[in-house]
Amino acid sequence: MARETKSAAIQGDLQRLSGTMELNKDLLPDLEPFRLKLSGIVTQSFDLSKQQAAMKASKQESSKQLRQFLVDGQRVADVIRTAVRDYFGPDSEKLTEFGVKPFRGRKVKAAAAEKPTPTTPTVPAGPAPPAKLDQ
């Protein structure tokens, strides 16, 4: 069952009141113009609710079609970009106009001099070993 919204609750209340007014129209002749106006409002609100539901379904279908067109467009764009890369060459700057990065070569690795040289670990100073005595 669908969740009841505020407007659905209001519509239900207006419909019940309109039905009650219809049953008691002989007792309340002075309120006849208001009863007719309320009846018209209830009828129009239900018609608009039906129209809104139909549009929601239509919107969902349109959204689905839009997603499909976008996927198809991306596929065609990929084919075009591949063909343009083939036509102009992979390193042509003209490719940037089509949203394709040209191949500009690989970056050269840093020279060996820039690399830190490994240092030899230092031995902490401690008691010196006993010296041999010549006798």
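The accessible surface of this protein comes to about 12700 Å², and 59% of that area belongs to carbon and sulfur atoms. The model is a predicted one. Of its 135 residues, 10% count as buried.

The secondary structure consists of 2 helices and 0 strands. Helix H1 covers residues 6–23, which makes 18 residues. From the first C-alpha of H1 to the last, the distance is 26 Å, close to the 26 Å expected at 1.5 Å a residue. Helix H2 takes in residues 32–88.

How do the two helices relate to each other? Within H1, the residues Gln 11, Gly 12, Ser 18 and Met 21 are buried. The buried residues of H1 pack against H2. For the protein as a whole, consider the contacts with a separation of 6 or more: 21% of them are made by residues 24 or more positions apart.

The surface also carries a nonpolar patch, formed by Leu 27, Leu 28, Leu 31 and Phe 34. Together these residues have about 410 Å² of accessible area. One of them, Phe 34, lies in helix H2. Is Phe 34 buried or exposed? Its relative accessibility is 56%, and a residue counts as exposed when that value is over 50%. Phe 34 therefore counts as exposed.

On H1, look for the buried residues Gln 11, Gly 12, Ser 18 and Met 21, which pack against H2. On the surface, look for the nonpolar patch of Leu 27, Leu 28, Leu 31 and Phe 34.

Terms used. Residues numbered from 1 in each chain as written. Predicted model: local features only at pLDDT ≥ 70, side-chain atom pairs only at ≥ 80, totals over all residues. Heavy atoms only, no water. Helix = DSSP H or I, 4+ residues; strand = E, 2+ residues; numbered from the N terminus. Buried < 20%, exposed > 50% of the residue type's maximum accessible area, 1.4 Å probe, protein only. Contact = heavy atoms within 4.5 Å. Areas by Shrake-Rupley, 256 points an atom, 1.4 Å probe, with all protein chains shown as cover. Patch = residues over 30% accessible without salt bridge, like charges linked within 9 Å, V, L, I, M, F, W, Y side chains within 5 Å. Salt bridge = Lys/Arg side-chain N within 4 Å of Asp/Glu carboxyl O. Expected span 1.5 Å × (residues − 1).
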